[in-house]
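Open your viewer and get ready to click through a few selections. We will go one stop at a time, and at each stop you will read what is there.

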There are 2 protein chains.
Amino acid sequence: MTWETLSSRRVYENPWITVREDDVRRPDGTPGIYGVVEVRHPAVFVVPVTDAGEVVLVRQHRYTIGRESLEIPAGGTDGEDVLAAARRELVEETGYDAGDLRLLAEVYSLNGVSRAPGHVVLATGLTRVGAGGGLGDEGITAVEHLAWPTLFELLGAGEIHDGETAAALMYAAVALGRVR
Amino acid sequence: MTWETLSSRRVYENPWITVREDDVRRPDGTPGIYGVVEVRHPAVFVVPVTDAGEVVLVRQHRYTIGRESLEIPAGGTDGEDVLAAARRELVEETGYDAGDLRLLAEVYSLNGVSRAPGHVVLATGLTRVGAGGGLGDEGITAVEHLAWPTLFELLGAGEIHDGETAAALMYAAVALGRVR
């Protein structure tokens, strides 16, 4: 038995998300409703690693949670190609372009509530092409370079709070052989 | 400059989520709207590790994304204490109780769109107390035991798609000294 959709209606929409409420039959056969948040475009989560082996993160004020957050560069694809979007977000937010962009994984965020696909991209061969700091409308306050041992310390101390950042770092740590 | 809320109205609500649309002033001073999905209760993400060092995961059909997903046990706290919720989800979904539950980090999922806080909990000293498989209404089809090298292989092959699972495994790998 799996989920079955009996009916579906849109209850909210803005340029970035759609919310629908479905009448469903649950895997055990019981009826219910399911509110699903659909993100309009897939996201890209970029893990930029400098030639010195440091990861580039941005410090950003997040409206939704009302606090500052240390995160990898990320954003919506706006419907464009995944690697093109990754490069654009990387340049906008950090001021680095990448010689190499490598797709590591497709992830879904908050899948109990939402259909929010994202692509984790490893960016290497970095060269500085701008100032970074985002487009000004995103609340980025700093660009930081952190060595992996420092990142692991911050994770271990619970000082990185962004779920997608922790997830992307997991895929990148595996890809770079930093796990055992 | 940071975000400013000018007005706020609820646009959708069900027992699990609330969606509001705010009129905002963005960090660069421009006006806009922001749709925010609020999850009613914080989530718990449990990384259960057996005495043999294997991680216990569940295979589950996810309604939102229309596909099966290999995930750590997780769920809403239903307003209860975080560690009590972690224990309940662990027992329900895997059939294991834990001798030790350790809070590793607070994470926010999909924070571009939602206020969805969660707590990552490491569960050790596992003893079998039931069959697991969930409450029947969640679509869990299997409970799996995976050694860390196998988990890292699956992550490296992009075969784990749940963002919160990858994030929780990152915190757990750091806590257990499985990074370098």
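Select both chains and look at where they touch: between chain B and chain A there are 39 residue pairs in polar contact, both residues at pLDDT 80 or more. A polar contact is a pair of N or O atoms within 3.5 Å; within protein, one must be able to donate a hydrogen and the other to accept it, and residues adjacent in sequence count only if both atoms are side-chain atoms. Now highlight helix 3 of chain B, which gives the most to the side of chain B that touches chain A, with 8 residues. Helices here are DSSP runs of H or I with at least four residues, strands are runs of E with at least two, and both are numbered from the N terminus.

A word on what you are viewing: this is a predicted model, where local features need pLDDT of at least 70, side-chain atom pairs count only at pLDDT 80 or more, and totals for chains, interfaces and linings use all residues. Residues are numbered from 1 along each chain as its sequence is written, chains are lettered from A and ligands numbered from 1 in the order in which they are written, and side-chain values use heavy atoms, leaving out hydrogens and water.

**The whole contact**

Keep both chains in view. The contact takes 67 residues from chain A and 66 from chain B, where contact means heavy atoms within 4.5 Å. Next, pick B:Tyr63, B:Thr64 and B:Arg180: in chain B they lose the most area to chain A, together 15% of what that side buries. Between them, the two chains bury about 6000 Å², 60% of it on carbon and sulfur atoms. Buried area is the accessible area (1.4 Å probe) that two parts lose on being put together, summed over both.

How are the two chains related? Chain B can be laid on chain A by a turn of 180° and a shift of 0.0 Å along the axis, with an RMSD of 0.0 Å. That is the relation of a two-fold axis. Copies are superposed by least squares on the C-alpha atoms of residues with pLDDT of at least 70 in both.

**Salt bridges**

Zoom in on B:Arg67 and A:Glu106, whose side chains meet in a salt bridge (4.0 Å, N to O). A salt bridge is a side-chain nitrogen of Lys or Arg within 4 Å of a carboxyl oxygen of Asp or Glu. The count between chain B and chain A is 2.

Stay in chain B and select B:Arg59 with B:Glu144, another salt bridge at 2.8 Å, N to O. B:Arg59 lies in strand 5 and B:Glu144 in strand 11 of chain B, so the pair ties together parts that are 85 residues apart in sequence.

**Helix 2 of chain A**

Finally, select residues 148–156 of chain A. Which residues of this helix are buried? They are A:Trp148, A:Leu151, A:Phe152, A:Leu154 and A:Leu155. Buried means under 20% relative accessible area, exposed over 50%, partly exposed in between (1.4 Å probe, protein chains only).

Show what these buried residues pack against: strands 5, 6 and 11 and helix 3 of chain A, together with helix 3 of chain B. Just after helix 2, click A:Gly158, which takes a positive phi of about 70°.
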